[in-house]
Amino acid sequence: ITREQMDDAGMTSVDDALRAVSGVTALAGGSIGSNFYSRGFSMQAQVDGMTTPAGIDSGNRSPLYDTAFIDRVEVLQGASGLLTGAGTPGGTVNMVLKRPTRGFQAQAEAQVGSWNERRVVGDVSGSLVDSGNIRGRVVALSDSSDSFTDYVYRDRQAVYGIVEADLSSTTTVSASVLTQKDKSRGHFGVPFAGNGSDAGLPRSSFWGDADNLTVRDYTIYTLGLTQQLAGDWSLKASYAWQKTDNDIRNFSSLSGSLNTVTGNGLSIGSRQRNYVSTLHSNVVDIHASGPFELLGRTHELALGLNGTNTRDENAGTGYSGNTPINVYSFNPEGLGPVPAGRPGTSAHTKTSNFGVYGVARWSLTDSLKLITGLRVSDYERRNLVTGTVVPHETGEVVPYAGLVYDIDSQYSAYVSYSD
């Protein structure tokens, strides 16, 4: 999904972009975002080709990634074990961030919409020295809106900055920071009657705690090095430190069977702190790629290593009990303070996923390419409270093979295999 497509369609989050991808299914989750599936499995995420363990959907802990920082969204459907190692076989979403430009450019964007939607984006890029050897770019945004549902809102603040410097004609280094914070009050929808029919309740009605607050934020610091080598080869090394926080307060959910005659039958279960979590990740990616000649044809080879080391801390409180309600007299502001409830679960784990890989793209004919690859991975998940290590895999071999046939300049047919 290109930058032009996102601009033309007014896509303001990666959620919007993924809904435009053929073969990707979105399971709506209200104002907190959606869960995405490809070929029946959930999808994983990358930023500039580097894994983001926090993910992209509401089943994970990140905010909805905003598109203001993104040049394009790439989607690989199917297993990406060659470059990812352990993960889900549905597909991988790669968000490619904007880069600095040598020439000066500036852009401002403003949107207004229903339910008090207000969005302002500023994007400034250009050279920081006359030679153009040092370049920078800054993107900042503020985006907020209410909803057709009472009490529901979203407020987003974010900024992205990157600097690139040419140390020589063949060496470029870069440093960037991306941070986004979302505050919201979500909603799961209007309840149906006990028999599954429409209960006739107003579509604007809110069925939860008016004091609910969800805060999600993430920060990514990245360092990069690109080195041009002999024979049109290049080496690229990247390191990223990522942190994602998720805090859900005064969470509530409905249960029971609604009697539309009396309005009774439903109860609201509440938690003081449904989920408090922090993910710290160190991500490394180093690879070299370039052409080579064999049997009179030019082929391509890439060799690399990458991986993540992630520390996950999360906790919460148990349900404080169920409060019976009547749908015809329910007041979201009348629930009162949520008691602490029984002790909830907590976890403190460390997950390591590293591997080395090689992949060759063989030019069999001008239209037919054979891709072969192999990855060897180590994976470990350690409970830092008990010391338990489950699972633990060493030297896991992941093969890859694929054929791509170019039918014409626009269409290709392919078949591939991976784990």
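Hi everyone. Let's start at one residue: Leu374 sits in strand β18, which covers residues 368–383. Leu374 is partly exposed, with a relative accessible area of 44%. It also belongs to a nonpolar surface patch of about 450 Å², made together with Ile286, Leu305, Val356, Val376 and Val397. Before I go further, please keep in mind that what you see is a predicted model.

Now let me step back to the whole protein. You can count 3 helices and 20 strands in it. The C-alpha trace spans about 80 × 50 × 45 Å along its principal axes. There are 419 residues, and 42% of them are buried.

Where is Ser176 found? Ser176 is in strand β11, residues 171–185. Its relative accessible area is 15%, so Ser176 counts as buried, the cut-off being under 20%. Leaving out residues up to four places away in sequence, Ser176 touches Tyr160, Gly161 and Ile162, and also Ile220, Tyr221 and Thr222.

Phe192 is in the loop between β11 and β12, and at 52% relative accessibility it counts as exposed. With residues up to four places away set aside, Phe192 touches Ser197, Ala199 and Leu258. If you look at the C-alpha atoms of Phe192 and Asn259, they are separated by 9.7 Å, while the two residues are 67 residues apart along the chain.

Then there is His287, in strand β14, which runs over residues 266–294. His287 is partly exposed, at 23% relative accessibility. Beyond its neighbours within four places in sequence, His287 is in contact with Ser234, Leu235 and Lys236, with Leu303 and Gly304, and with Tyr357. The C-alpha atoms of His287 and Asn306 are 8.2 Å from each other, and these residues are 19 residues apart along the chain.

Now for some backbone details. Most residues other than glycine have a negative phi, and most peptide bonds are trans. With that in mind, have a look at the peptide bond from Val390 to Pro391: it is cis, with omega near -5°. Pro391 is in strand β19, residues 389–406. Asp232 is not a glycine, yet it has a positive phi of about 65°. You will find Asp232 in the loop between β12 and β13, and it is exposed, with a relative accessible area of 68%. Leu295 also has a positive phi, about 55°, and is not a glycine. Leu295 is in the loop between β14 and β15, and at 81% relative accessibility it counts as exposed.

Let me finish with the salt bridges. Side chains of opposite charge can pair when their charged atoms come close. How many salt bridges does a search of the whole structure find? The search finds 20.

One of them joins the side chains of Arg72 and Asp71, with 3.2 Å from N to O. Arg72 is partly exposed at 34%, and Asp71 is partly exposed at 32%.

Another salt bridge is formed by Asp123 and Lys98, whose closest N and O atoms are 2.9 Å apart. This pair links distant parts of the chain, 25 residues apart: Asp123 is in strand β8, and Lys98 is in the loop between β6 and β7. Are these residues buried or exposed? Asp123 is buried, with a relative accessible area of 5%, and Lys98 counts as buried at 10%.

Arg119 lies in strand β8 and Asp143 in strand β9, so the pair ties together parts that are 24 residues apart in sequence. Both Arg119 and Asp143 are buried. These two also take part in a network of salt bridges that links them with Asp66, Glu109, Arg154, Arg156 and Asp182.

Methods: Residues numbered from 1 in each chain as written. Predicted model: local features only at pLDDT ≥ 70, side-chain atom pairs only at ≥ 80, totals over all residues. Heavy atoms only, no water. Helix = DSSP H or I, 4+ residues; strand = E, 2+ residues; numbered from the N terminus. Buried < 20%, exposed > 50% of the residue type's maximum accessible area, 1.4 Å probe, protein only. Patch = residues over 30% accessible without salt bridge, like charges linked within 9 Å, V, L, I, M, F, W, Y side chains within 5 Å. Areas by Shrake-Rupley, 256 points an atom, 1.4 Å probe, with all protein chains shown as cover. Salt bridge = Lys/Arg side-chain N within 4 Å of Asp/Glu carboxyl O. Contact = heavy atoms within 4.5 Å.
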